[in-house]
Amino acid sequence: MNKATERLYNGLLKENPTFVLMLGMCPTLAVTTSAMNGLGMGLTTAVVLALSNLIISLLRNVIPNRVRIPAFIVIIASFVTAVELLLEAYIPALNTALGMYIPLIVVNCIILGRAESYAYSNPPIPSLFDGIGMGLGFTFALTCIGAFRELLGAGKLFDYQIMPDSFTPIGIFVLAPGAFFVLAMLTAFQNYMKITRARVGKETAKIQSGCSEDCMNCSDSGCARRFYDNTKTVAEGEESEIVDLEKEDK
């Protein structure tokens, strides 16, 4: 599996930001009252995520380490503003439905998290595909949640009547509690499939976004910890040992 395909698979299934990493819960629970809203929010976030990953990776040797977070926010905010203006001009209905959650993409933990953990430490092309993969995974999750909520709560799917006239909509699914119910059910299903695959030996790899603190055997090329200078830590440890020895001599 080449690097680009690996990053796409990683974002869509292995480390899906919603069902696996449980990131971006605010828009996930708030805007998924319909499949169209979920799809629109997911694609909007995916565009910002992919472009910001690309630009941050291109500028990773220029951005000073001490001001990287403000720099990330400026880059992300620029793309969010551009996307918001495009939605307002060409898809005003979707822009109105998503409301304030479009500007809040700037501080979405998925985007900032991938910028910090992957784009800032890797070349542009893998970073671009990492953003696309994570964005598509987020879009898939939001669309699934929105589809279930709309189908059960209104009997429709993408605003088309699906259920027969005899069907009584379950109103709670288009309300706030319904978002928690559907998210819990889909996450449980995803975990069940993952455990089943692990039992038959088809999938045993751990989530790569976590840190095992074992840098020697770590397979995560996007981990920022491995790029930190550990000289100071080693020196402090040696100095502490010297102090302990002096105390023992006394």
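1. Basis of the notes. Residues are numbered from 1 along each chain as its sequence is written, and side-chain values use heavy atoms, with hydrogens and water left out. Because the model is predicted, local features need pLDDT of at least 70 and side-chain atom pairs count only at pLDDT 80 or more, while totals for chains, interfaces and linings use all residues.

2. The largest pocket. A pocket here is an open set of points on a 1 Å grid over the protein atoms alone, where a 1.4 Å probe fits, with protein on both sides within 12 Å along at least five of seven lines, and its lining residues have an atom within 4 Å of a point. The largest pocket has a volume of about 360 Å³, a volume being the space filled by probe spheres set on the points, which are joined across faces, edges and corners. Its lining consists of 16 residues, and Leu 13, Phe 140, Phe 189, Gln 190 and Met 193 lie nearest the centre.

3. Helices around the pocket. Helices (DSSP runs of H or I, at least four residues) and strands (E, at least two) are numbered from the N terminus. At least two lining residues come from each of H1 (3–14), H7 (124–154) and H8 (176–199), and H8 gives the most, with six.

4. Ser 127. This residue belongs to helix H7 and is buried, at a relative accessible area of 0%, where buried means under 20%, exposed over 50% and partly exposed in between (1.4 Å probe, protein chains only). Beyond its neighbours within four places in sequence, Ser 127 is in contact (heavy atoms within 4.5 Å) with Asn 53, Ser 57, Tyr 118, Ala 119 and Asn 122.

5. Most residues other than glycine have a negative phi. Met 22 is partly exposed at 37% relative accessible area, and Phe 158 is partly exposed at 32%.

6. The aromatic pair. Rings of Phe, Tyr and Trp (its six-membered ring) pair if their centres lie within 6.5 Å, with planes under 30 degrees apart counted as stacked, over 60 as edge-to-face and the rest as tilted. The count comes to one aromatic pair: Phe 72 and Tyr 120 are edge-to-face, 5.5 Å centre to centre, with 70° between the planes. The pair links distant parts of the chain, with Phe 72 in helix H4 and Tyr 120 in the loop between H6 and H7, 48 residues apart.
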